[in-house]
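Reader: I am new to protein structures, and I would like to learn how to read strands, helices and cores. Could you take me through them slowly?

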Amino acid sequence: MGVFDRVEKKLENAVNGAFARAFKGDVQPVEITARLQRELDHEAKLLDRERKLVPNDFRVSLSTHDYERLTPYSKTLNSEIVPQLREYATERGYIFNGPVTIEYQQDAALPVGRFTVSSAAVAGVDAAEPATPSVIRAAGLVVEVNGVRHPLTPPGLTIGRGTDADLRINDPGVSRLHARIVVQGTGSDQQLRVEDLGSTNGIVVDGQRVRHAGLAVGSRIEIGSTRLAITSPVDDV
């Protein structure tokens, strides 16, 4: 029995009873799982001879009717789908670089029984010293990673996959100690630059591969498959 056959059988068991009644004639849980598996296959990016990076963050868009029927069961549904996606990924040599999340959203333009999927590889990020909202607001500039802002204060911070990094990114394309953002001065006199710390895959700033570069508000940094942005907390005021 193949991976998909086992997944289908497990989900068939999971959707008996209340699930079966709720989804009869509408979008089926097994259809969503099969579509997410195809998304892994389609979006897989080669890391090395044996591993491929795949998306771990999914958005499933549903018709108004299907959305209203499915969302009361979404937590239970995801508790069945996510382990099956992990099993499927393991057998195919796929790597997730963060927690697997599935969110459902409404799209009034979709007909009943149809759905679409979008995805992204979103790395898990941890800071050695998590910042409070007041600290972030007081910072001159911040570095934003996957929607979370981290204050930039002298002397700066290191970025990497290892435990020694100030900002840890669980991305297989990131070295254990990959780069450093150097911060000098405060307020309007603040100056930033990024330096490569001898990483395997290098860094890209505003589309250019560099060993070091100055940074300012709006600068975009790519490390592995993760994007970072330099922003200002006052943008939210």
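This is a predicted model: local features need pLDDT of at least 70, side-chain atom pairs count only at pLDDT 80 or more; totals for chains, interfaces and linings use all residues.

Reader: How do strands of a sheet pair, and which strands does β3 pair with here?

Author: In general, strands of a sheet pair through backbone hydrogen bonds, and the pairing is either parallel or antiparallel. In this structure β3, which covers residues 57–62, pairs with β5 (residues 101–106) in the parallel sense over six bridges, and L62 has Q106 of β5 as its bridge partner. β3 is also joined to β6 (residues 115–120) by six bridges, this time with the two strands running antiparallel, and here D57 stands opposite A120.

Reader: Is β3 largely enclosed or exposed, and why?

Author: Strand β3 is largely enclosed by the rest of the structure, because five of its six residues are buried, where buried means under 20% relative accessible area.

Reader: Turning to helices, at what angle do α3 and α5 cross?

Author: The axes of α3 (residues 29–43) and α5 (residues 74–92) cross at roughly 35° and come within 10 Å, and the crossing is right-handed. The contact is made on the α3 side by P29, I32, T33, L36, Q37, L40 and D41, and on the α5 side by L77, I81, L85, Y88 and R92. Sorted by type, the residues of this contact are eight nonpolar, two polar and two charged.

Reader: Finally, how many residues does the largest nonpolar core have, and which have the most contacts inside it?

Author: As a general idea, nonpolar side chains in soluble globular proteins tend to be buried together. Here the largest nonpolar core has 25 residues, and V143, L152, I181, L228 and I230 are those with the most contacts inside it. If we leave aside residues up to four places away in sequence, I181 touches several residues, including V143, L152, L157, I159, V194 and I230. There is also a second, separate core of 22 residues, and F58, L70, Y94 and I102 are among them.

Notes: Residues are numbered from 1 along each chain as its sequence is written. Side-chain values use heavy atoms; hydrogens and water are left out. Axes are lines fitted to C-alpha atoms, for helices over the stretch in contact, and angles run from 0 to 180 degrees between N-to-C directions. Helices (H or I, at least four residues) and strands (E, at least two) are DSSP runs, numbered from the N terminus. A crossing is left-handed if the near helix is turned anticlockwise from the far one by less than a right angle, and right-handed if clockwise. Contact means heavy atoms within 4.5 Å. Ala, Val, Leu, Ile, Met, Phe, Trp, Tyr, Cys and Pro count as nonpolar, Asp, Glu, Lys and Arg as charged, and the others, Gly among them, as polar. Buried means under 20% relative accessible area, exposed over 50%, partly exposed in between (1.4 Å probe, protein chains only). Two strands pair if DSSP finds at least two bridges between them. A nonpolar core is a set of buried Ala, Val, Leu, Ile, Met, Phe, Trp, Tyr and Cys residues joined through side-chain atoms within 4.5 Å.
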